[in-house]
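Hi,

Here is the structure for you to look over. My notes follow below it.

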Amino acid sequence: MQRRALVSGLGLAAAGALAACTRDPGGGGAGASGDRRYAWKLVTTWPPNFPALGTGAANLAKLIERCSGGRIRVKVYGAGELVPPFEVFDAVSAGTAELGHGGAYYWKGKINAASFFSAVPFGLSAMEMNAWLHYGGGLDLWREAYAPFGVLPMPCGNSGVQMGGWFRREIDSVADLKGLKMRIPGLGGEVLARAGGTPVTLPGQEIFTALQTGAIDATEWVGPYNDLAFGLHQAAKFYYYPGWQEPGTVLECLINRQAFESLPEDLQAIVTTCCRAVNDDMLAEFTARNHEALATLVDKHGVQLRRFPDDVLRELKRVSEQIVAETAAKDPLSRKVYDSFKAFERKSAPYFAVSEQAMLATRSL
Ligand code: CA
């Protein structure tokens with residue numbers, strides 16, 4: 001019921017914001033194209049209706065339908081229902097589905113620069129990622145990276161800072177990273193490998209069993225809200241922070257470019273504006289639910305909350321800088337994205353030091 005109220009509230013807010021564009025006669029006119037109806041598919045990398053991630057994709061579908069007055073109907077498929085989780089990008093590229101929802105770092109094997117658009121270890125926070133993408137040139141580069149595949153990306157959700165993950169044994173020093181078999185995707189996984197561990201990429205549904213059976217020693221997933229939903233506390237006792245590997249992970253909506261271009265301009269604006277509404281809403285939901293879930297994990301389930309030791313974080317940060325720089329050197333587009341990302345980070349950091357960071361530091365006074 002609560003979710004229904006939220007979706008309905010979002011629909012009203014977005015509909016208000018969109019009123020001007022739906023009235024705009026410049027968008028191909030309200031005549032012939034206004035009557036055409038579209039039946040779209042949305043495939044996701046998440047388990048069906050998984051909290052915040054899967055439900056975020058479902059919210060996007062409902063919002064597009066509501067804001068378009070039913071002219072675009074969107075049917076949502078959870079991971080494996082239409083295509084396997086890691087084939088979402090290809091499915092949207094091929095037009096098997098018009099929309100997809102996932103995280104750009106899942107496609108780094110295909111597009112080397114992709115990780116920069118989801119999460120960079122020790123990189124930008126959620127606020128800064130949104131700022132870079134929308135006002136710092138990041139989204140233009142993201143579009144350039146996906147253009148050869150006929151896919152348009154839109155930021156469509158953010159987890160905020162993630163947690164460092166679940167460990168079956170404690171991490172007391174850099175030596176404890178050696179031989180550690182951990183589920184950790186993207187650049188974070190490459191960092192772990194350089195630090196002596198063995199990264200594994202697994203879709204969400206497979207994590208619990210892998211951890212419980214000891215097939216992996218550790219896993220990161222998202223944060224308390226999602227980790228509690230998977231029951232990861234039943235498979236490992238130690239819950240580490242901070243999530244150095246994902247300081248503000250952007251989720252994405254993938255849009256088949258041909259399908260998008262077949263829409264009249266008002267519907268195009270509705271699709272992109274709904275993505276933007278979900279982008280904002282998901283971060284708010286994570287922020288609200290994570291603190292409730294953390295309290296449940298610690299107070300009710302006796303989870304042992306641990307901070308990574310400083311020397312471990314220092315080593316991971318040192319290695320991260322190498323890995324990120326090497327990623328940038330792999331092709332000209334990656335170099336261009338890296339330069340833009342780092343330039344933004346350099347400019348953003350001094351301001352954050354005297355704004356967010358300085359303000360949050362006063363909480364421990
Ligand atoms: Ca993660």
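Is E220 buried or exposed? E220 is buried, because its relative accessible area is 0%. Please note that this is a predicted model.

Calcium site

E220 is one of the protein donors of the calcium ion. In sequence, the donor residues are spaced Q-x57-E-W-x24-E. Q162 and E220 link distant parts of the chain, 58 residues apart. Q162 sits in the loop between strand 4 (151-158) and strand 5 (165-167). E220 sits in the loop between strand 8 (218-219) and helix 9 (224-230). Q162 is buried too, with a relative accessible area of 4%, under the 20% cut-off.

Helix 3

Helix 3 covers residues 54-67. At 1.5 Å a residue, its 14 residues should span 20 Å. The end C-alpha atoms are 20 Å apart, so the model agrees. Of the 14 residues, 11 are buried, so helix 3 is largely enclosed by the rest of the structure. Among the buried ones are G56, N59, L63 and C67. G69 follows the helix, and its phi is positive, near 60 degrees.

Helices 5 and 13

The axes of helix 5 (residues 126-135) and helix 13 (residues 332-354) come within 11 Å. They cross at roughly 130 degrees, which means that helix 5 is oblique to helix 13. The crossing is right-handed. Helix 5 makes the contact through M127, E128, M129, A131 and W132. Helix 13 contributes V337, S340, F341, F344, S348 and F352.

Best wishes

Definitions and conventions:
Residues numbered from 1 in each chain as written. Predicted model: local features only at pLDDT ≥ 70, side-chain atom pairs only at ≥ 80, totals over all residues. Heavy atoms only, no water. Donors = N, O, S within 2.8 Å, 3.2 Å for Na, K, Ca; no water. Helix = DSSP H or I, 4+ residues; strand = E, 2+ residues; numbered from the N terminus. Buried < 20%, exposed > 50% of the residue type's maximum accessible area, 1.4 Å probe, protein only. Expected span 1.5 Å × (residues − 1). Axes fitted to C-alpha atoms, helices over the stretch in contact; angles between N-to-C directions. Parallel < 35°, antiparallel > 145°, perpendicular 65-115°, else oblique. Left-handed = near helix turned anticlockwise from the far one by under 90°. Contact = heavy atoms within 4.5 Å.
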